[in-house]
Amino acid sequence: MTQRATIAYWTGFCVVLALLIVAPLVLPEFWRRFLTEILIWGLLAMSSDILIGYTGMVSFGHSAFFGLGMYGAAAALLTLTPPMLSLAILYGLIAATGVAAFVAYFATRLRDIYFAITTLIFSQIFYVIIFTWTEVTGGENGLTFSRPPLAIPGLLSVPFTPDTLHWFVLATVTASYLILRRITQSPFGMVLQSIRENEARTRAIGYAVERYKIAAVMLSGLFAGLAGVLYALQNKFAAPDFVFFLVSGEVVIFNVMGGIGTLVGPIVGAGAFLLLREAFSRFFTEFYLIPLGVIFIAMVIFMPQGLLGFMRRWLNR
Amino acid sequence: MALLAFFASIPYDQILIQTVNGVVTGMILALVASGLTLIFGIMDVVNFAHGELFMLGAYMGVVVLAATGNFWIALILATLVIALLGAALQVTTLRPLIGRDPLTTILATFGISLVLQNYALWQFGPVARKIQEPFTGHFTLFYLEYPWYRLMIAGLSAAIIGAFWLFLKYSIYGIWIRATAQDRIMAQAMGIPVPWVYTFVFAIGAGMAAASGVLFGPLVGVNHAMGLDWVLKAFIVVVVGGMGNLGGSIAASIFISLMETYASIWVSPTLAVIVSFVVLILTLLFRPTGLFVPTPK
């Protein structure tokens, strides 16, 4: 990577980050909330990109990890007194990663389309369980709870304001981006990419492909769970709707729209999708998915690289 | 003694009733799943929109039935219209994707399913519609008045699948289809119009989904989300039965439906769904190629 490209990349990174930091101070309430939501969905889409873009496995089951993150956080906030942010995050991550390990153990036995379908069915299993186990999960109504204070143990504890919530989400998403970027450039990430390019050869070289795949799904599930925790914190509820597979489908749409294998692309895709949804729902009310679906199909056919696909090389240096 | 008590506690009459129920739903599921298997086995396309074609078929049945008042005309017309719709969808969205990664077809058909489902919601509204049964006769099964119509569904589904199997086995177009499934490039070299074979196959699959939608309509209400349930079940069937294997998916349909109906004797029907998930997990663990396929050598 040339010096110049590095400087350009980090300059771009800092400019975008600075804009996102300032945004809540200038934007009106509705759009600030909208931006926070884009970041959270972007994190979810980014976690899925680890599988779709880097390992070459399309997961249609990310709603399970996301939802379990939400319910994990809800469990910590409802059962522990006093409710603590750090424990909510920890519970959410454990729940999501545990589920991801379970799903990965079975789903990674299959490849390509079979993997996609199996993850989809697994996410439906969790949906049915959450939906029917009313005593614990609240069933159809879900769980509501109050937001814990923004606390770092032993350092500070302040209640969340809309602005600090945005910054908290932004910090988490940025950190996750940097971590995921580092991981995709690590030897581990290189093995994942070689699985995408040629699985048989990767196995022949001597890598335990199955273990790498399971690790990739768990990693992906971890960050999806983190997105779930953030979403639960923002909305102060956990609901079975978010475990339903249509959420997973939307995540895949984010990825394809933004450009797979770029990490930033999915965030951009999530932003584009949510903006289009906002715009279309003014004209088409709740039927916004009709024009959005048509756009999505057109993008799959004519623009498989997505919005940011053309800068994939550059972003991954 | 405990064992005896257990056997005495089994409700044998219920089990027989549930066996009949299981076979009936199993045959409908087989009709849906064989369309899905066919499309997958021949085109390498996982049709996410299959449930929506099922649902639109049922709606077409409602519309035609309201216009003509004849169930059989509704069944045939709905099948034809949805088959044409399937052909149109295949030409516009799937044909450009021939030769690309099969995963892109999942994305495209997922997009189609979103559009169709919301279109149905827009066109027909959220209130469930009802299809009137063509005949309302009953016969006595233990303490139940069991409708003849249900048995007719099972028979008709079996007939459609059987007719299709004969078509695939003996007609010239069936041979074209099988040749394309075996080797696309060779088939093309022999002068078979492969892209049109694909369109035709998709149309047949769509038509089968629509037919099962109309047949199933009288048992439950027709609403815009009815496809979701079925496509998930059909996916499970297709994985358990072995991908792209027609006989396997029929066997798996009946097997899974029976398991679910037996389970619903003891637990609520929503929880009984979990049984099919368990079957799926066990299949993946011990026989990931599918339960009803010969062991690969």
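The largest nonpolar core holds 184 residues, and B:V201 and B:A210 have the most contacts inside it. A nonpolar core here is a set of buried Ala, Val, Leu, Ile, Met, Phe, Trp, Tyr and Cys residues joined through C-beta atoms within 7 Å. A residue is called buried if 20 or more other C-beta atoms lie within 10 Å of its own, exposed if 12 or fewer, and partly exposed in between, with C-beta atoms placed from the backbone. Two residues are in contact if their C-beta atoms, placed from the backbone, lie within 7 Å. With neighbours within four places in sequence left aside, the contacts of B:V201 are B:L38, B:I39, B:I42, B:M43 and B:I177.

The structure is a predicted model, in which local features need pLDDT of at least 70, side-chain atom pairs count only at pLDDT 80 or more, and totals for chains, interfaces and linings use all residues. Residues are numbered from 1 along each chain as its sequence is written, while chains are lettered from A and ligands numbered from 1 in the order in which they are written.

Chain B is built from 12 helices and 2 strands, where helices (H or I, at least four residues) and strands (E, at least two) are DSSP runs numbered from the N terminus. Read from the N terminus, the order of elements in chain B is α-α-α-α-α-β-β-α-α-α-α-α-α-α. The radius of gyration of chain B is 20 Å, close to the 19 Å that the globule rule gives for 297 residues, so chain B is as compact as a globular protein of that length. This radius is taken over C-alpha atoms, and the globule rule is 2.2 Å times the number of residues to the power 0.38. The C-alpha trace of chain B spans about 70 × 55 × 35 Å along its principal axes. Of the 297 residues in chain B, 46% are buried.

Within chain B, helix α2 (residues 12–43) packs against helix α10 (residues 226–241) at an angle of about 65°, with the axes 9 Å apart. Axes are lines fitted to C-alpha atoms, for helices over the stretch in contact, and angles run from 0 to 180 degrees between N-to-C directions. α2(B) and α10(B) are therefore roughly perpendicular to each other, a label for angles of 65 to 115 degrees, with those under 35 roughly parallel, those over 145 roughly antiparallel and the rest oblique. On the α2(B) side the contact is made by B:L29, B:V32, B:A33, B:L36, B:T37 and B:F40, and on the α10(B) side by B:W230, B:K233, B:A234, B:V237 and B:V238.

Where does B:S157 lie? B:S157 is placed in helix α6 (residues 148–170) of chain B. It is a buried residue, with 26 other C-beta atoms within 10 Å. B:S157 and B:I28 are 129 residues apart in sequence, yet 6.2 Å apart in space, C-alpha to C-alpha.

Buried residues account for 47% of the 317 residues of chain A.

The two chains also meet: 34 residues of chain B are in contact with 29 residues of chain A. On the side of chain B that touches chain A, the elements giving two or more residues are α5 (102–124), α10 and α12 (269–286) of chain B. α5(B) gives the most to that side, with 15 residues.
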